[in-house]
Amino acid sequence: MNFYSLNKQAPKVSFKDAVIKGIAPDRGLYFPESITPLPDSFFDKIEELTNQEIAFNAIHQFVGDEIPNETLRAILANVLDFEFPVVQIEKNIAALELFHGPTMAFKDVGARFMANCLGYFSKGETNEVTVLVATSGDTGGAVANGFLGVAGVNVIILYPSGKVSDIQERQLTTLGQNITALEVAGTFDDCQKMVKTAFLDEQLLSKMQLTSANSINVARWLPQLFYFLFAYKQVKSQGKEIVFSVPSGNFGNICAGMVAQKLGMPVKHFIASTNINDTVPEFMKTGEYNPKPSTPTISNAMDVGDPSNFIRIRHLFQDDFEALSENLSSYTFSDSETREAMKGIYSASNYIADPHGAIGYLGLKKYQEKHPNTYGIFLETAHPVKFLDVVEEVIPQKLSIPPQIQKVMGKDKKSIPIETYQELKDFLLSS
Ligand SMILES: *Cc1c(COP(=O)(O)O)cnc(C)c1O
């Protein structure tokens, strides 16, 4: 399949080139040329299919013949080797747990899928690909884990010194091999600025093939649509209209859910739940898009003031505000509301939500005030243990540390401190 740039000033490219380039030369995001609905029989019989079969049917049209079918199946088997359970916690409310992967963040699936595709495309190529990524926490671990040992691919992760949790830092600094962590004296925004500058640096680009592993990359963005299909398979028998509430930061996950809907999945409505970084909730209120600098919150993976994938959502609806509003609501919640929700969920259902999932829950509750007869699913995007400080402060219970996390706790951190863009550039040119 071909992908075009949403800025419309760059040539169409194949799936392979979209994955390798990450972003179009005109700085636009790549978008699939067509989205063909799956046959009704797929949804009628979805409960008879394995997750891998569901995923293959859903992603095949976007990959086309650029990866042979049996290789694509093998990649999916590798990527999807854990569970995605829907856990009912109240009448008509369930959590879709996306945190059972190797780094316990939902980004594991996208990062692994992209790593496998890039690994396949790099076979037989003499030029190495360098993946450059900035992280505020969870992306770094998932990317490091997904790309570890992939031949022909070097991964450089920039993270803000002292601003990620201990667990997150270990996940991205202890693996070694083809993964290098650069510890930036600055904020996440500083890291992201450096990465953006590198992608515009002609001198660098002439010397190396740089790509990004953020959700702007189609191979990280699109496989997230699997989650919604896996959830549908599990709750279809409830016979109710389904709504999804997605805790959103860069809006890649929810946008992938909307692609699943375009593939024909029956879903009544989407709710984009955010923390106080409310650019999209404001847009849905006023029709005006005003990006702003991000504000730190306890749901820090969603501290985004200018969500990069929202443009893809607008495009899915041909920028028709009415049509979009019929399908999407967006609500914003403060840190104190988030803490209250975590407490409330725990005392009512004995369920421990992480701060991101709690915001998803709040968005769902708000929507269901007016639509009580729907079956609501909120996405639990990270295991609560990854936000231990916040969770243990709010919930009167000690969390046990899962084996995936224990594995990294004893390992030694290895990072290279940098302060300026020039240091990043020197590092890239010398490596
Ligand atoms: C990345 C992340 C999000 C936000 O996902 P987007 O696709 O960027 O909207 C939400 N929760 C957690 C835990 C995350 O790591």
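Me: Which residue in S5 is the bridge partner of valine 86?
Reply: Strands of a sheet pair through backbone hydrogen bonds, either parallel or antiparallel. In this predicted model, valine 86 has leucine 96 as its bridge partner in S5. Strand S4 (residues 86-90) and strand S5 (residues 93-97) are paired in the antiparallel sense, over four bridges.

Me: How many residues lie between S4 and S5 in the hairpin?
Reply: Two residues lie between these strands, and asparagine 92 in the turn has a positive phi of about 65 degrees.

Me: What is the order of the strands in the open sheet of three?
Reply: The order is S2-S1-S3, and the pairing is antiparallel. Strand S2 (13-14) and strand S3 (30-32) are at the edges with a single partner strand each, so one side of each has no neighbour in the sheet. Strand S1 (residues 2-5) is joined to S2 by two bridges, and asparagine 2 is found opposite serine 14 in S2.

Me: At what angle do helices H5 and H6 pack?
Reply: Helix H5 (residues 107-122) packs against helix H6 (residues 138-147) at about 40 degrees, and their axes are 8 Å apart. Because angles under 35 degrees count as roughly parallel, this angle makes H5 oblique to H6. The crossing of H5 past H6 is right-handed.

Me: Which residues make the contact?
Reply: H5 contributes residues including Ala111, Met114 and Leu118, while those of H6 include Ala142, Val143 and Phe147. By class, the residues of this contact of H5 with H6 are seven nonpolar, two polar and four charged.

Methods. Residues numbered from 1 in each chain as written. Predicted model: local features only at pLDDT ≥ 70, side-chain atom pairs only at ≥ 80, totals over all residues. Heavy atoms only, no water. Pairing = 2+ DSSP bridges. Axes fitted to C-alpha atoms, helices over the stretch in contact; angles between N-to-C directions. Parallel < 35°, antiparallel > 145°, perpendicular 65-115°, else oblique. Left-handed = near helix turned anticlockwise from the far one by under 90°. Contact = heavy atoms within 4.5 Å. Nonpolar A, V, L, I, M, F, W, Y, C, P; charged D, E, K, R; others polar.
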